[in-house]
Amino acid sequence: MPSPETLPLLLKQLRLSTMARLWEPLLVQSEEERWDPSRYLAVLCENELNERHSRRIARFTKESRLPMGKTLATFDFGQTPKIKPEMIEALTQNSDWVKRAENLLFFGPSGVGKTHLAAAISHGLIEQSIRVRHFSTTALVQQMQQARADLRLENYLAKLDKYAVIVLDDLGYVKKTEAETHVLFELIAHRYETGSIIITSNQPFGEWDKIFADPSMTVAAIDRVVHHATIIEIQAESYRKRQAILHNHPAGFEQAIAEKTDK
Ligand code: ADP
Ligand code: MG
């Protein structure tokens, strides 16, 4: 029989760091409150599991590169009367659509909360231990082009497979010149029916021929994206613009101009 003195070492070897930290104070408590030994063990195990869970969520949140603070709690549905909160909550809490590798598309003009909602849903999915990775689509396309130039695009795409959800933020900003190497199409084809994509775009489908190299590729990309997808159109006043005007801030005008040129 091992001596009790070896317990900290045994727990460390088993990588039970929370139990290693808590076994002593909980032992004192268990003696004071006359717990059953099995209860003491259960409480220790529960603490270990809870802490592992929070560490995992923190790790997944960090790797996701999602904008922080963009959650359902900070989203004002009063500003988007056509968007049903229950629908967004269902997509956040019930991750079956991710298990079925379905996609989610947000369309709408600039500043209406597309990125915010995509991030809010993603944060909710991460809470359920689902791995998500957020990308500015333009930056991702550049990375994929580099990978293709280095003959490691396949490898790059395979690495993204560990994420059940990829967020392609601002797909509409990809320029035709960048489309010529087809990397975006390859990503869409690669994830078709195997991994979810969340897309935000200020360009409706009719404008996607500006994003892909030729019309047949545009059709093929749209086909794959929408085959299993939820499409949400946000029609609202730009939240940024309204906030700026509300606060009587000169940025209101700058924003208004920026958004005009965005479109
Ligand atoms: P889009 O991606 O549609 O251009 P964003 O999601 O980036 O717009 O929203 C612009 C800014 O306004 C962000 O800071 C976002 O958090 C905020 N915002 C937009 N809509 C709402 C809303 N309904 N409630 C709270 N904040 C919002
Ligand atoms: Mg956005």
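Reader: Which helices each supply at least two residues of the lining of the largest cavity?
Author: In this predicted model, α10 (183-191) and α11 (215-227) do. Helices here are DSSP runs of H or I with at least four residues, numbered from the N terminus. A cavity is a set of points on a 1 Å grid over the protein atoms alone where a 1.4 Å probe fits but cannot get out, and lining residues have an atom within 4 Å of a point.

Reader: What about the ground rules for numbering and confidence?
Author: Residues are numbered from 1 along each chain as its sequence is written, and chains are lettered from A and ligands numbered from 1 in the order in which they are written. Local features need pLDDT of at least 70, side-chain atom pairs count only at pLDDT 80 or more, totals for chains, interfaces and linings use all residues, and side-chain values use heavy atoms, without hydrogens and water.

Reader: How much space lies in the largest cavity?
Author: About 60 Å³, as the space filled by probe spheres set on the points. The structure holds two cavities of 30 Å³ or more.

Reader: Which residues line the largest cavity?
Author: Among them are Ala101, Asn103, Ile188, Arg191, Arg224, Val225 and His228. By class, that lining has five nonpolar, three polar and three charged residues, with Gly counted as polar and Tyr as nonpolar.

Reader: Switching to ligand 1. What space is taken by it?
Author: Ligand 1 takes the largest pocket, as more than half of its atoms lie within 2 Å of the pocket's grid points. A pocket is an open set with protein on both sides within 12 Å along at least five of seven lines. The volume of this one is about 470 Å³.

Reader: What lies nearest the centre of the largest pocket?
Author: Gly111, Val112, Gly113, His116 and Arg240, out of 23 lining residues. α6 (114-127) and α12 (239-246) are the elements that give two or more residues to that lining. It has six nonpolar, nine polar and eight charged residues.

Reader: And how many residues surround ligand 1?
Author: 15, counting those with a heavy atom within 4 Å. The closest are Asp76, Gly111, Lys114, Thr115 and His116. α6 gives the largest share of this shell, three residues. By class the shell divides into four nonpolar, seven polar and four charged.

Reader: Which backbone atom is 2.8 Å from a nitrogen atom of ligand 1?
Author: A polar one of aspartate 76. The cut-off for a polar contact is a pair of N or O atoms within 3.5 Å.

Reader: How much of ligand 1 does the protein bury?
Author: 87% of the 550 Å² that ligand 1 exposes taken alone, by the Shrake-Rupley method with a 1.4 Å probe.

How values were computed: A polar contact is a pair of N or O atoms within 3.5 Å; within protein, one must be able to donate a hydrogen and the other to accept it, and residues adjacent in sequence count only if both atoms are side-chain atoms.
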